[in-house]
Amino acid sequence: MTMFLTIAVVVLIFVVIFQIAKASEYVSVLKGEDISRKQNNKVNGFLMVAFLVLGLIGVWYCNKLYFGKTLMAQESASVEGARVDSMLWITIAVTGIVFIATQFILFWFAYKYQENDNRKVFYFPHNTNLEIVWTVVPAIVLTVLVVIGLRNWFLFTGEPPKNHMEVEVTGKQFNWIFRYPGKDGAFGKKYYKNIDDATNELGLLWDDQLGHDDVITTTMYLVKNKPVKLIIGSRDVIHDVGLSHFRMKMDAVPGIPTTLWFTPRYTTNEMKEMTKNPNFVYEISCDQMCGNGHYSMRGVIDVVDQEEYDVIMAKQKPKYLTTFPEKDPSKPVDSVKVAAKMAEPATKPIAKL
Amino acid sequence: MSNEAVLHTHSDAAVHEVHGDQSHEHHHHETFISKYVFSQDHKMIAKQFLITGMFWAVLGGLMSVLFRLQIGYPDATFPWLEDILGKWAKGGHITPEAYYALVTTHGTVLVFFVLTAGLSGTFANFLIPLQVGARDMASPFLNMLSYWFFFTASVVMLSSIFVETGPFSGGWTAYPPLSALGDASDGSKTGMDLWLVSMALFVVSSLLGGLNYIATILNMRTKGMSMTRLPLTIWALFFTAVLGVLSFPVLFSGFILLIFDRNFGTSFYLSDIFIKGVALPNEGGSAILYQHLFWFLGHPEVYIILLPAMGMVSEILSVNSRKPIFGYMAMIGSLFAIAILAFLVWAHHMFVTGLNPFLGSIFVLLTLLIAVPSAIKVFNWLTTLWRGNVRFTPGMMFAIGFVSLFISGGLTGIWLGNSALDIHLHDTYFVVAHFHIVMGVASMFGMFAGIYHWFPKMYGKYLNNTLGYIHFWVTIAGAYMIFWPMHYEGLAGMPRRYYDYSIWESFKQFTELNRFISTVAMIVFATQLLFLFNFFYSIFKGRKVTVLNPWGANTLEWTTPLRPGHGNWPGEIPEVHRWPYDYGKDGQEFISQTTPVGADESHH
Ligand code: HEM
Ligand SMILES: [Cu+2]
Ligand SMILES: [Cu+2]
């Protein structure tokens, strides 16, 4: 019913507008095209400046309403992200000035040079000096922006500091799996054909001893002020590890591991205070279309300080031990069985990292 | 083959000329089919492209209204949606499957069917022969085929909407493995096969059209029409065609490999995949390879969309400022620079795919370099207005609107092109705002400008001015209200292609704004229907054009009869004596290209 009403109203509005338009066309024919064109010209010339003024007010108002809801109003949660922010401000300043100046000139000229019987048009087909100026000036400004940008880019994509930790992130439709290398600091090998959703979601190869202490989690725990390097992959389609609070992101591509590093500088609890939002969490948003559940592919990062981190990690059981509870040294086991299990996989070739 | 075709038609055209001299009437026997359906007249083909494009614009626009309903009113239910969409809107609520199908189809048809075929198909066909002074295209037959390939592509795309598993729903960029594996998403089943077939047909259409445009511009200019006397529309359409001919085949090859991966067990793009409980045998492929092939077309594609609009805007601004375009040679130079650079920046869409950082830095440099010729164009347009005598015809208004939008959207390109910023903004609503303003809306404005300006030549009628002004003001204000605030959503990190934001602590603060945007989108859509009404009503009942040259323009199309027949000029094709922008020279309001240079005329 409301649907019908809406359509009826819309059609009515259309009819009215159409009638007015038709009538004004008749009037303009009666008055003579020249005169009516000049009248239209005046109206539209006025609307051009009106649009400029209202538009700039709108820009200001939009900023007033929404600036506080963007990340610009929050400090970057990573050391590297702070560089993104400062670059953002420089770019805003440069493009903002150009924006206001050119839009102003455009609509002002349109208004000022609207048709007028007394004006003699200035025949001005070209002017080499002017053209050189507005080729060279943008080129110089852009060079500056490129230099700033590339310095940051090489930092972001370069090697992380020596003291960094590593976490492996694997995307799948539609969630994230995190793996920590454990005490030995090295990841065990994995091969996708070993994947089994029930027992081995990453396809770890158990004949690689390095993997025996690897820990798999569903929340990513990071340490404040400790650089972290993410080793990113995917099990199925392309995903993307989107870390908007840290100002970083990187695709997760099946078959091609990628990396990303940054240094968190506030714990989750500190962020709760800084943003005055008790529900604040660091979220990983999937930023690459990956199927119908793309919008719900959410991961959570908990940034804590070193002590808390050690406590959390001490509580995690390596995947190897949860898969083979009988291997757990904290539980009594049949030693013969263990020896047999350990010997057997060594004969299998390790196909792939 | 094209050479032969050109030669062939040359002699053909010569014959026409002889005929034309005596009488135009006995031309040939035209039936309804040969005149309106399988027409070989470039003007009719142009109208066919235009009207098919309009059909898709309405459908694509309607799709955006539907998915904006979901984003704007995620909690509301609309029972009538279930009536029209059936299982795709169970309980009056668009499902995620439907949402992604709508977004994907919207993107595909607007980029390719509306702004490529509808825009350059229409105006290249209509304007090239008329403005270079030719009787028709180099090969009218291939030209006709170009339209019919497009038509078939349209039919196939349309049919994909009705298959059981739905149309393709993996985004218009169709990245594999998502697009390669039916197990990854229902939309990647039959829907994707149809999508690929449709796009393949579309590529053929573009190539046939493009080769024809290039051949016509290079070989069939009338006497005196040197390259540097061509209107800027023609230069722009020329570079557009070159871009298309060189880049569409690369896309095509990308699609072929995708078809192989989908159907014949190859592993071009697939490696290490475990899906639906099964580890696939494919190893050693690269999903990134597809992205390179796609964006090698994809970036030039944005200029394929934009250049015709730039060309028409240059022409219309000059005509209605009653003043020459400023820096004609610089305009051609910047078009040329853009065309070259368009091939060298594709990887700026791939900064965060794990691209080699050094390679990334080269693409940053080249990308920001494009801003220079873009800036030149903007400053030249502004200077064209300066000290002119501006007439606000609806075409002129849209041309001015185009410049405003191109500035706004081009400037955010400088943000995104800098990889260290893109790492933050990539695939957020900031990108959506950027490319809609600079490519989507701006090119639509170029298209509207062209339609309002050349409608009198196309149909011998005027469009209603008042409706035109309403159309313009609502559309430009609406476009800014829709897309400007999206920059803020992007700066909050809000990802694009999300069906629902309510579960996200970081992105759920924009419900009100999303509702506002959706509401404005509906109003703007309704206004486009007003334009459509104006268009069809005016074809039949519009005010008749009674003068040959209603805008007082210099170019050749206005020297044809009010309703030119096939062959365009009844007598000989006029000879050209000067460039097309002698407005306000020596106190004369305009001097047509066909006027010989006077003995005491000043030099510029
Ligand atoms: C000043 C010139 C421009 C620069 C520097 C620029 C730069 C960029 C960059 C770097 C991206 C990738 C952003 C991302 O994925 O995060 C992008 C996206 C895009 N740009 Fe531009 N651009 C410019 C002008 C244009 C023009 C003129 C058009 C269209 C005619 C256009 C259409 C697009 C489209 C469609 C996308 C979206 C791609 C996607 O699906 O992710 N851009 N632009
Ligand atoms: Cu995703
Ligand atoms: Cu691009």
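Helix axes are lines fitted to C-alpha atoms, for helices over the stretch in contact, and the angles between them run from 0 to 180 degrees between N-to-C directions. Helices (H or I, at least four residues) and strands (E, at least two) are DSSP runs, numbered from the N terminus.

## Basis of the model

This is a predicted model, in which local features need pLDDT of at least 70 and side-chain atom pairs count only at pLDDT 80 or more, while totals for chains, interfaces and linings use all residues. Residues are numbered from 1 along each chain as its sequence is written, chains are lettered from A and ligands numbered from 1 in the order in which they are written, and side-chain values use heavy atoms, with hydrogens and water left out.

The pLDDT is the predictor's confidence in each residue, from 0 to 100. For chain A the mean pLDDT is 90, and 93% of the residues of chain A reach 70 or more. Over residues 338–353 of chain A, however, the pLDDT is below 50, and this stretch has 25 contacts in the model beyond near neighbours in sequence, a contact being heavy atoms within 4.5 Å.

## Helix packing in chain B

Helix H3 (residues 42–72) of chain B packs with H14(B) at an angle of about 145°, and their axes are 13 Å apart. The crossing of H3(B) and H14(B) is left-handed, a term for a near helix turned anticlockwise from the far one by less than a right angle, whereas clockwise would be right-handed. On the H3(B) side the contact is made by B:Lys47, B:Leu50, B:Ile51, B:Met54 and B:Arg68, and on the H14(B) side by B:Tyr429, B:Met447, B:Ile451, B:Met458 and B:Tyr459.

Helix H14 (residues 429–459) of chain B also meets helix H12 (residues 394–417) of chain B, where the two axes come within 8 Å and cross at roughly 160°. H12(B) is therefore roughly antiparallel to H14(B), given that angles over 145 degrees count as roughly antiparallel, under 35 as roughly parallel, 65 to 115 as roughly perpendicular and the rest as oblique. The crossing of H12(B) and H14(B) is left-handed.

## The metal sites

Helix H14 of chain B also holds B:His434, whose NE2 atom is the single protein donor to the iron atom of ligand 1, 2.4 Å away. Donors are N, O and S atoms within 2.8 Å of the metal (3.2 Å for Na, K and Ca), and water is not among the atoms, so sites may look incomplete. Between the iron atom of ligand 1 and the copper ion (ligand 3) there is a separation of 5.1 Å.

The copper ion (ligand 3) is coordinated by B:His299 through ND1, and by B:His348 and B:His349 through NE2, at 1.5 to 2.1 Å. Along the chain these donors follow the spacing H-x48-H-H. B:His299 in helix H9 (residues 287–321) of chain B and B:His349 in the loop between helix H10 (328–342) and helix H11 (357–385) of chain B are 50 residues apart, and the pair links distant parts of the chain. B:His299 has a relative accessible area of 6% and is buried, which here means under 20% relative accessible area, with exposed over 50% and partly exposed in between (1.4 Å probe, protein chains only).

## Two residues and their surroundings

A:Lys224 is found in the loop between strand S4 (219–223) and strand S5 (228–234) of chain A, and with a relative accessible area of 26% A:Lys224 is partly exposed. Apart from neighbours within four places in sequence, the residues in contact with A:Lys224 include A:Pro264, A:Arg265, A:Tyr266 and A:Val303.

B:Thr240, by contrast, lies in helix H8 (residues 232–263) of chain B and counts as buried at 5% relative accessibility. Leaving aside neighbours within four places in sequence, B:Thr240 is in contact with B:Ser120, B:Ile304, B:Leu307 and B:Pro308.

## Backbone features

Most residues other than glycine have a negative phi, and most peptide bonds are trans. The peptide bond from A:Gln173 to A:Phe174 is cis, with omega near -5°, and A:Phe174 is in the loop between strand S1 (165–172) and strand S2 (175–180) of chain A. In chain B, a cis peptide bond with omega of about 5° joins B:Pro176 and B:Pro177.

A:Arg247 has a positive phi, near 65°, and lies in the loop between strand S6 (239–243) and strand S7 (248–252) of chain A, where A:Arg247 is buried with a relative accessible area of 1%. B:Arg387, in the loop between H11 and H12 of chain B, has a positive phi near 60° and counts as partly exposed at 34% relative accessibility.
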